[in-house]
Amino acid sequence: MNFSTIIEKKKRSIELDEKEIKWLIKSFVDNSLKDYQMSAFNMAVWFNGMTPKELGIFTQEMINSGKTYNFDGVDGIKADKHSTGGVGDKTSLIFSPLVAKFGVKVAKLSGRGLGPTGGTIDKLESCIGWTGEISEQKFKETLNKVGISIMSQSKEIVPADKKLYSLRDVTGTVDSIPLIASSIMSKKLVIPADSIILDVKMGSGAFMKDLESAVKLSKTMISIGKEHNRNVNVMITNMDKPLGRAIGNAIEVKEAWDTLNGNGPEDLKELCVIAAALTLVENNIFKNLEIAKKELYKVLEEKSAAPLLKEFVEAQNGNFNLILDYDNSFKVKHKIEIKADTDGYLSFKTADDLGYLSVLLGAGRATKEEQIDFAAGIYLNKTTNDFVKKDDLIMTLYTNRNDIENFIKTAKELIVLSNQKSEDNLILKLISSKDI
């Protein structure tokens, strides 16, 4: 086997066979295949794509490069959920209790945040003591006990993807849909869940900027799922605005708790209910989406899924009382109120910019080594398409950093007030494995 044969085939859109793809991934991971060679392969994929068969094998070989999990000893249906990232996205903390309430266990691998989009692991670690660095046995025990468990992604999981992404990042191939899809799905397929729901973000605060690209990525990930005998459903959702009103870490866990107790923002409730409904219908808990949504909204009104979030956090050694006593637990030196300079319908420059502001406040990382301040963050007192009057409170900034004037200037620059509402659909498209 040699690279010249593989790259010649890929240049001419000739399908690679299983042996060639296995050799390619194995050689790249053990460093016998050089970075410049893999860069050439990535660029050929960028131009010519991959067939469904190629992509299925490619994804499987990435999975095989590291540790995988099994559910031996875990009874019942298992589900997973993944979001491609978004500002204020605390969906997993609401989705998981909602689904677990109906007997479907939620088993997830999650990551940390870098840049404007926060990570689920960081949010949960604001419940001091909580850890995602648990053994496979503890993972299974928590699933059986609570119905929810979330593990941190370790270096042992899909090392081929980590190495490949670093290369794509510096060679102009990050935006290759086959490579994005295989990257996401290789990490999802490490856990043998019965169903997977994917929330693909589209808009200014997301990687997919238009609906056509988002649909193409979604269908590609569904096809990979089919190659691995997994049921995959996709929601394409709007990330031109932040999700909910809270942006940060502890403040997002608090908003998740409030939502499970029937008090959350409408957009956050809608997205979580639809994601949970799709999962429950896929696993035959309900006959159709409308019945599932009705029952899930009832659960939110009754507050009956909320205790599961607390039980899950405590099962993985977190102190959830910090969230219950939020105001005393997460005090900051500076609480900065940002008010409207004029009247108008509110929107924000981009969701990403709000995320970057939260990083400046201390709620996120600019580098992997940076420490997070769990108490820092933003609360949107008003949100997209609200009509505000001059001097109305638009957002509140929470920080322990002292660069107050810069924070105020940056926040003011993000506010857009106009004489008409903006387009505001949250759920842009639903795609199921049955549609492909």
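Colleague: Which residues have the most contacts inside the largest nonpolar core, and how many residues does this core have?

Modeller: A nonpolar core is a set of buried Ala, Val, Leu, Ile, Met, Phe, Trp, Tyr and Cys residues joined through side-chain atoms within 4.5 Å. Here the largest one has 80 residues, and Leu98, Phe312, Met395 and Leu397 have the most contacts inside it. Helix α12 (residues 266-282) gives the most to this core, 10 residues; helices (H or I, at least four residues) and strands (E, at least two) are DSSP runs, numbered from the N terminus. Domain 2 (78-321) and domain 3 (333-418) both contribute residues, so the core lies between them.

Colleague: What kind of model is this?

Modeller: It is a predicted model, where local features need pLDDT of at least 70 and side-chain atom pairs count only at pLDDT 80 or more, while totals for chains, interfaces and linings use all residues. Residues are numbered from 1 along each chain as its sequence is written, and side-chain values use heavy atoms, with hydrogens and water left out.

Colleague: Where do the domain bounds come from?

Modeller: They come from an automatic or database domain assignment.

Colleague: How are two packed helices described?

Modeller: By the angle between their axes and the distance between the axes. Axes are lines fitted to C-alpha atoms, for helices over the stretch in contact, and angles run from 0 to 180 degrees between N-to-C directions. In this model, α3 (residues 35-48) packs against α8 (residues 159-169) at about 75°, with axes 10 Å apart. That makes α3 roughly perpendicular to α8 (65 to 115 degrees; under 35 is roughly parallel, over 145 roughly antiparallel, the rest oblique). From α3, Asp35, Met38, Ser39 and Asn42 meet Lys163, Leu164, Leu167 and Arg168 of α8, a contact being heavy atoms within 4.5 Å.

Colleague: Is Asn249 buried or exposed?

Modeller: Buried means under 20% relative accessible area, exposed over 50%, and partly exposed in between (1.4 Å probe, protein chains only). At 1% relative accessibility, Asn249 counts as buried. Asn249 sits in the loop between β6 (246-248) and α11 (250-260). Not counting residues up to four places away in sequence, Asn249 touches several residues, among them Asp122, Lys123 and Phe374.

Colleague: And where is Glu370 placed?

Modeller: Glu370 is in the loop between α17 (351-361) and β9 (377-380). With 23% relative accessibility, Glu370 counts as partly exposed. Leaving out residues up to four places away in sequence, Glu370 touches Gly364, Arg365 and Arg401.
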